Structures are given as structure tokens and as C-alpha cells.
Amino acid sequence: MEQILRHPLFLFLALFILMSFSALASILLRRKKKQLEGAALDDFNIVQGATLTLLALLIGFSFSMAISRYDQRKNYEEEEANAIGTEFLRADLVSSAAGDKIRSLLKDYVQARIDFYQLRDAKALAEAAQNTARLQAQLWTAVAQASKESATPIVALAVAGMNDVINSQGYTQAAWLNRIPVSAWFLLILIALICCILVGYSARSQVGKSVFPLVLPAMVALSMAMIADIDSPRGGLIKVVPQNLLSLQQSLP
């Protein structure tokens, strides 16, 4: 399920086929059963309306969850760029040799963080993660050595800035792992299937004579695919572009 969620187009096709089959099957079932009349029809309409309302609310809440996570990833990218830029300036607070080393490592670190946002291949991402961890260790060693050489409040600012750089990367990583739970997706899909069955059962058109029974499956599948697209950091069309990191990289001397 997680693999399908990473590819919204595949999710749309799978959901559309599944829900369309459910709607069409319910139409065939209705033809073999006695038509609902009177109180039974009224009860059916109440259940159908309540179920469709519940589906609409769940889709709206899921969309809101996906948007909030997307905004969180964008905000952390901005914070990460600001932290790196601030530390690049604070490198002037330590000795010349240590400052030059820190600035050189920060330039490589910016590229490593840009790779984190732009790469899609799993192997390349693993290598980028190792490179990020290696650069973080080197940066911390450099600033720690500078603080030992001159333990002053001014040098402490450089140490605090490096701590912000490393922490911001951890916050970004956590935000990219924070997605809509798979169990919530299963519940949403189950309710969507029930809605398609109810709508198909109440459809007046026959199979093959109208496309109206397929409208709800298409719209619901499209809505879920868009939610999955927004919620998937590395899949689909909607992605977080590291604009702040790219601007920072261009501004560094």
C-alpha cells in the first residue's frame, strides 16, 4: 500500500477501477432484486446521504492533513537555509583557519541538502544521507575544535549556530517521514467503496447506457490521488522545491 501511495497516478487508476467495478456490480445486483419502495426507499436515501456526507468530510480532513504536512516541509526547508546562512556568517567569529574550513564544509553541505530535496533514486538518496552525516560530523568537529582553542561567548555563538544547522536537518527529516497513516487510507477507501456501491444501487441508468455511475468513482479517485500527491514528498507532480537552499548556494562566495 505504501508503494502505491508514493505513485499517485497508479493510485488513481487502481481506485478508479476498483470503485467503478463496485458501482457497476451494484447496478447489476439491483436489476436482480426487487425495487425499493416506500419506507425502505426513504431509509436507503437517508443512509446514502449520510455516507456520502461522511466521505466528503473525510476527504476534506485528509486534504487538510496533507496540506499542513506539505507546508511544514516547505517551512523547514526555509529554516534550514536560514540556519546554514547564519552559520556561514558566524564562521567569521572563530579563527581564520577554522573559519575557512567551516565555510568550505558548509558549501558542500548546502549541495548535500539540495540533493536531499531533488534526488528520487533510493540508492542515490542513501548515498546523499551518508554524505550529509559525514559533513555534519566534520562541521561539528571543526566548530568544537575552534571552541576549545578559544572558549569565549563570541565563539559560543558559532557553536550554537552549528547546533541549529544540525537540528534543522533533523526537523526536516522528521517532516518528510510524517505522512497520512496507511490505516487512515484504508478507512477512507473502504467508505468510498461503500458510497460507490450505494450510488450504483440507486442509479436508474443501465450498465453500458450511461457514464453517470462512473462519475463518483472518477471524482473520488481523483481527489484521493491529489491528496496522495501532496502527501508524497518524492512522488507525483507536487514537490517541495529547495528554492531557499538554491538561492543560498548562489549567494555564497
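**Cysteines, core and salt bridges in a predicted model**

Cys 195 is buried, at 1% relative accessibility. Buried here means under 20% relative accessible area, exposed means over 50%, and partly exposed lies in between (1.4 Å probe, protein chains only). Cys 196 is in no disulfide, and its nearest cysteine sulfur, that of Cys 195, is 6.9 Å away. That distance is too far for a bond. A disulfide is counted when two cysteine sulfur atoms lie within 2.5 Å. The structure holds zero disulfides. Cys 196 is also buried, with a relative accessible area of 1%.

The model is predicted: local features need pLDDT of at least 70, side-chain atom pairs count only at pLDDT 80 or more, and totals for chains, interfaces and linings use all residues. Residues are numbered from 1 along each chain as its sequence is written, and side-chain values use heavy atoms, with hydrogens and water left out.

The interior was examined next. In soluble globular proteins, nonpolar side chains tend to be buried together. A nonpolar core is a set of buried Ala, Val, Leu, Ile, Met, Phe, Trp, Tyr and Cys residues joined through side-chain atoms within 4.5 Å. The largest such core has 54 residues. Those with the most contacts inside this core are Met 19, Leu 55, Ile 84, Ile 102, Trp 185, Val 220 and Met 224. Two or more core residues come from each of α2 (8-32), α3, α4, α5 (122-149), α6 (153-177), α7 (182-202), α8 and α9. Helix α4 gives the largest share, 10 residues. Helices (H or I, at least four residues) and strands (E, at least two) are DSSP runs, numbered from the N terminus.

Ser 62 sits in helix α3 (residues 38-90). Ser 62 is buried, with a relative accessible area of 12%. Its contacts (heavy atoms within 4.5 Å) are Ile 180, Leu 188 and Ile 227, not counting residues up to four places away in sequence.

Charged pairs were then examined. Side chains of opposite charge can pair when their charged atoms come close. A salt bridge requires a side-chain nitrogen of Lys or Arg within 4 Å of a carboxyl oxygen of Asp or Glu. By this rule the count is four. One of them joins the side chains of Glu 80 and Arg 113, at 2.3 Å from N to O. Glu 80 lies in helix α3 and Arg 113 in helix α4 (residues 96-118), so the pair ties together parts that are 33 residues apart in sequence. Glu 80 is buried at 0% relative accessibility. Arg 113 is buried at 1%.

Arg 103 forms a salt bridge with Asp 92, with the closest N and O atoms 2.6 Å apart. This pair links distant parts of the chain, 11 residues apart: Arg 103 is in helix α4 and Asp 92 in the loop between α3 and α4. Arg 103 is buried at 17% relative accessibility, whereas Asp 92 is exposed at 54%. Arg 103 also pairs with Asp 100, where the closest N and O atoms are 2.7 Å apart. Both residues lie in helix α4, three residues apart, about one turn of the helix. Salt bridges that share partners join Asp 92, Asp 100 and Arg 103 into one network. Asp 100 is partly exposed, at 47% relative accessibility.

Leu 237 is exposed, with a relative accessible area of 79%.
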